[in-house]
Amino acid sequence: MKTVTLGRTGITVSKNGFGALPIQRITRDEAAKLLRKAYDGGITLFDTARAYSDSEEKIGYAMSDIRNHIYITTKTAAQNAEEFWKDLETSLTLLKTDHVDVYQFHNPSFCPKPGDESGLYEAALKAREQGKIRFIGITNHRLAVAHEAIDSGLYDTLQFPFCYLCSEKDVELVEDCKKNNIGFIAMKALSGGLITNSAAAYAFEGQYDNVLPIWGVQRENELDEFLSYMEHPPVMNDEIRALIEADRKQLYGSFCRGCGYCMPCPVGIEINNCARMSLLLRRSPSEGHLSPEGQAKMMKIKDCLHCNQCMSKCPYGLNTPELLQRNLKDYEEVLAGKVMTPTNF
Ligand code: SF4
Ligand code: SF4
């Protein structure tokens, strides 16, 4: 079994972490079954967040009797010390535990540091002193904040999107974390549903020995795939390389990664999904995207003010308003009966 050590935390687990965002969408008992199956299959790190509605509660319900055999990482989006303590106490209660292994600041727009106005880092230090958290981590979608976190020396782990569609700049982050002995947790290793070949995704992550991918799992068959990689980890070979190359060609350039960094939008457009709808329709189950709720979200694009706020915030330099209009046009054509092929958008 391939294992990963999260830098200076010394936490060593199999190269499969459980991303517990999707278990919000299933019942408590379905979630419990999935979580226990993951554990029985050798997964011992479970990543959740205060922001993932009842995900923490489901983990607490399913795993409290084996708490000492697993690692729990969760997140707070607190903006000040008061919110930090409220979130931490809520998480501990829901997770049915007295400590969190890695407590992460959830995608802050700045890198919390001692002495800044937020008081967040001091609160984390105090929580660590009290034994309520063991390590301090940060998650982000912004390269600049991630680099600042690494350079600050204040963080034990960094969680960042990392998949085979990533750029050289993202690889640099992985290498910097390795040099600085900071654990690297890879989120969105399936690029939010755009990557459909999990073996290729695993083989890519497998090339970086300090990277721990956390797979967002909702269905048993998805979990089964990742569990099968425990014994037979897919490795990079010519076939997988060719597949990745083809995907990169199709998706590179003007594709939206769904990171959400450009949000919120003043008129409430769900940019991180709407700006990549053509790909989502073709590369993931399209039913939900075409439902009445899905249609209402897409039609909101018509309210776009063309204020360009989103474009100015996109770290990938995308012309977001134009991308939204292109995706809307294709979406309306699909609603009108256009037969989708992998590339006709
Ligand atoms: S340009 Fe349109 S989509 Fe972008 S932030 Fe402004 S209103 Fe929202
Ligand atoms: S438009 Fe850019 S910032 Fe917005 S979700 Fe897509 S990739 Fe992220």
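# Domains, barrel and ligand shells

Reader: What separation do you get between the centres of domain 1 and domain 2, taken over C-alpha atoms?

Author: The centres of domain 1 and domain 2, taken over C-alpha atoms, are separated by 28 Å. The model is predicted, with local features needing pLDDT of at least 70 and side-chain atom pairs counting only at pLDDT 80 or more, while totals for chains, interfaces and linings use all residues. Residues are numbered from 1 along each chain as its sequence is written, and chains are lettered from A and ligands numbered from 1 in the order in which they are written.

Reader: Where are the domain bounds in the protein chain?

Author: Domain 1 covers 3-237 and domain 2 covers 271-335, with bounds that come from an automatic or database domain assignment.

Reader: And how many residues of domain 1 are in contact with domain 2?

Author: Five residues of domain 1 are in contact with five of domain 2, where contact requires C-beta atoms, placed from the backbone, within 7 Å. On the domain 1 side, the touching residues are two nonpolar, two polar and one charged (Ala, Val, Leu, Ile, Met, Phe, Trp, Tyr, Cys and Pro count as nonpolar, Asp, Glu, Lys and Arg as charged, and the others, Gly among them, as polar).

Reader: Switching to the barrel, in what order do the strands close?

Author: Eight strands close into a barrel in the order 3-4-5-6-7-8-9-10, and the pairing is parallel. From one strand to the next, the twist averages 25°. Strands (E, at least two residues) and helices (H or I, at least four) are DSSP runs numbered from the N terminus, and two strands pair if DSSP finds at least two bridges between them. Axes are lines fitted to C-alpha atoms, for helices over the stretch in contact, and angles run from 0 to 180 degrees between N-to-C directions.

Reader: How many bridges join strand 8 to strand 9?

Author: Five bridges join strand 8 to strand 9, and these strands run parallel; Pro-161 has Met-187 in strand 9 as its bridge partner. Strand 7 (residues 133-139) is joined to strand 8 by three bridges, also in parallel, and there Thr-139 stands opposite Gln-159. Strand 3 (residues 17-19) and strand 4 (residues 45-47) run parallel with two bridges, and Gly-19 faces Asp-47 across that pair.

Reader: Why is strand 9 called largely enclosed?

Author: Strand 9 (residues 183-187) is largely enclosed by the rest of the structure because five of its five residues are buried. A residue is buried if 20 or more other C-beta atoms lie within 10 Å of its own, exposed if 12 or fewer, and partly exposed in between, with C-beta atoms placed from the backbone. Gly-183, Ile-185 and Met-187 are buried on one side of strand 9, as are Phe-184 and Ala-186 on the other.

Reader: Which residues point which way from strand 8?

Author: Thr-157, Gln-159 and Pro-161 point one way and Leu-158 and Phe-160 the other way, and all are buried.

Reader: What about Val-211, buried or exposed?

Author: Val-211, which lies in strand 10 (residues 211-216), counts as buried because it has 22 C-beta neighbours inside 10 Å. Leaving aside neighbours within four places in sequence, Val-211 is in contact with Val-4, Phe-162, Val-174, Phe-184, Ala-186 and Glu-205.

Reader: Helix 2 next: how many of its residues are buried?

Author: Eight of the nine residues of helix 2 (residues 55-63) are buried, and those buried residues pack against helix 1 (28-40), strand 4, strand 5 (71-76) and helix 3 (81-95).

Reader: At what angle do the axes of helix 2 and helix 3 cross?

Author: The two axes cross at roughly 35° and come within 7 Å. Glu-56, Glu-57, Ile-59 and Gly-60 in helix 2 meet Ser-91, Leu-94 and Leu-95 in helix 3, a contact made up of three nonpolar, two polar and two charged residues.

Reader: Last topic, which residues are closest to ligand 1?

Author: The closest are Cys-265, Cys-304, Leu-305, Cys-307 and Cys-310, out of 15 residues that surround ligand 1 (near meaning a C-beta atom, placed from the backbone, within 6 Å). Helix 13 (309-313) and helix 14 (320-335) are the elements that give two or more residues to that shell, and the largest share, three residues, comes from helix 14. By class, the shell around ligand 1 has eleven nonpolar, four polar and no charged residues.

Reader: And how does the shell around ligand 2 divide by class?

Author: The shell around ligand 2 has ten nonpolar, four polar and one charged residue. Ligand 2 is surrounded by 15 residues, the closest being Cys-256, Cys-259, Cys-262, Asn-272 and Cys-314.

Definitions and conventions. Contact = placed C-beta atoms within 7 Å.
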